[in-house]
Amino acid sequence: MPRMYRLLCLGCLPALCGSEALEPSNQKASKKKRRGPALRKIPARTFLMGGDELSGAPGTKQISLQAYAIDETPVTNSHFREFVKETKFKTDAERYGWSFVLNSSLSQAVLRESPQHIESAPHWVAVENAWWRHPEGRDSSLKDRWEDYPVVHISWTDANAYCEWAGKRLPTEAEWENAARGKRKESLYPWEDSDVPGKGRWKMNIWQGRFPFENLLEDGYHAISPVKAYPANSYGVFSTVGNVWEWTSDPFPGSRPEEEPQWTLKGGSFIDSPAGEFNHKATVVTRMGNTADSGSYNTGFRCASGKGGGGRKRPPDQKVLEKLAEEGGIEAVQEFLAKSGQSAQVFTPAELQKTREELRKQQDSSRSPEL
Ligand SMILES: *[C@@H]1O[C@H](CO)[C@@H](O)[C@H](O)[C@H]1NC(C)=O
């Protein structure tokens, strides 16, 4: 039974994933000291999520969140090192043996020996042995970047493992966006005034100049920046929009059940633009989806905490779900979740197994970079 639930939980919905109801071990965790970045309390409120077509979320949805807490910064390299030291965890990028890096961040040597790139985006180069410890491949190190820089080349699976170890969970998309907006909930940016970003008022790490061959560095950084390079928002939360994409616990709305599941990333990254002239338009709304094993040079995460379990309704009780699954199978669970208004996309263990086998087969070709 527990094994089945692990699998179930992998492919399921914000309502289940990381929820206390399904993770009995979290009860212990909540009494343990939480690790990683300091948590900032975010008060309960109702806000309009989305609402910017160019950021990838046309239309708005009214969301009511209970109070929760979220890491004040993305998880840094030194935080992640603690986790790896203790658990010997191997990230997906390490298992695959390569990851995507932006060409202009590579040394000439590594660029020369890395002929593979994405057809439609040749600046994304497949680099052997690029992973969190060596973000730009074999000749790079984290010297001077341990404390202040976000960990990158992190997959959704890696991020979940870290948050669980830290006694936390991934934020839902709504929790992430709500925290990023700060006290002025109408704002598309983390700061209070409605200024769009521009020369002389860069308050986040995106790209200035003609991408990808020119970077004017008006915001001070070519690629990844320290997590506290710019001021915090009014909730005390740093580095939400730009810098690195951050994983959330929500399935990506565009992904269909018969395809390999995708998960939602928020906030854009250092290659994005103020108005979407190239790559993504960078706002608190910005989102995209990717598969659970994908990660690249501009992918990181932060964790959250709180029993909101998705910040909406309390998640269904584990005992209830187990009983339903025993008696009526996955269909019964799905029906129950649909009726209770919870996200009802659930994959059966067999479906998940199939997905994983296909993944193995496709391996390298299946992973796409965060563009
Ligand atoms: C990176 O790739 C782009 C093509 O997308 C190219 O224009 C640019 O010159 C390349 N930069 C480096 C440093 O190789």
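A nonpolar core is a set of buried Ala, Val, Leu, Ile, Met, Phe, Trp, Tyr and Cys residues joined through side-chain atoms within 4.5 Å. Buried means under 20% relative accessible area, with a 1.4 Å probe and protein chains only. This is a predicted model: local features need pLDDT of at least 70, side-chain atom pairs count only at pLDDT 80 or more, and totals for chains, interfaces and linings use all residues. Residues are numbered from 1 along each chain as its sequence is written, and side-chain values use heavy atoms, without hydrogens and water.

**Exercise 1.** Describe the largest nonpolar core.

*Solution.* Start with its size: 25 residues. Next, list those with the most contacts inside it: Leu102, Trp124, Val127, Ile224, Phe270, Ile271 and Tyr297. Then find the elements that give two or more residues: β5 (98–102) and β7 (121–128). Strands are DSSP runs of E, at least two residues, numbered from the N terminus. β7 supplies the largest share, five residues. Finally, turn to a second, separate core: 23 residues, including Trp146, Ile154, Tyr162 and Phe301.

**Exercise 2.** Find the buried residues of helix α6.

*Solution.* Take residues 156–165 (a DSSP run of H or I, at least four residues). The buried ones are Trp156, Asp158, Ala159, Tyr162, Cys163 and Trp165. Now step just past α6: Gly167 takes a positive phi of about 80°.

**Exercise 3.** List the contacts of Val127.

*Solution.* Contact means heavy atoms within 4.5 Å. Set aside neighbours within four places in sequence. Val127 then touches Gly97, Trp98, Ser99, Val101, Leu106, Val110, Ser114, Glu136 and Gly137.

Key. Buried < 20%, exposed > 50% of the residue type's maximum accessible area, 1.4 Å probe, protein only.
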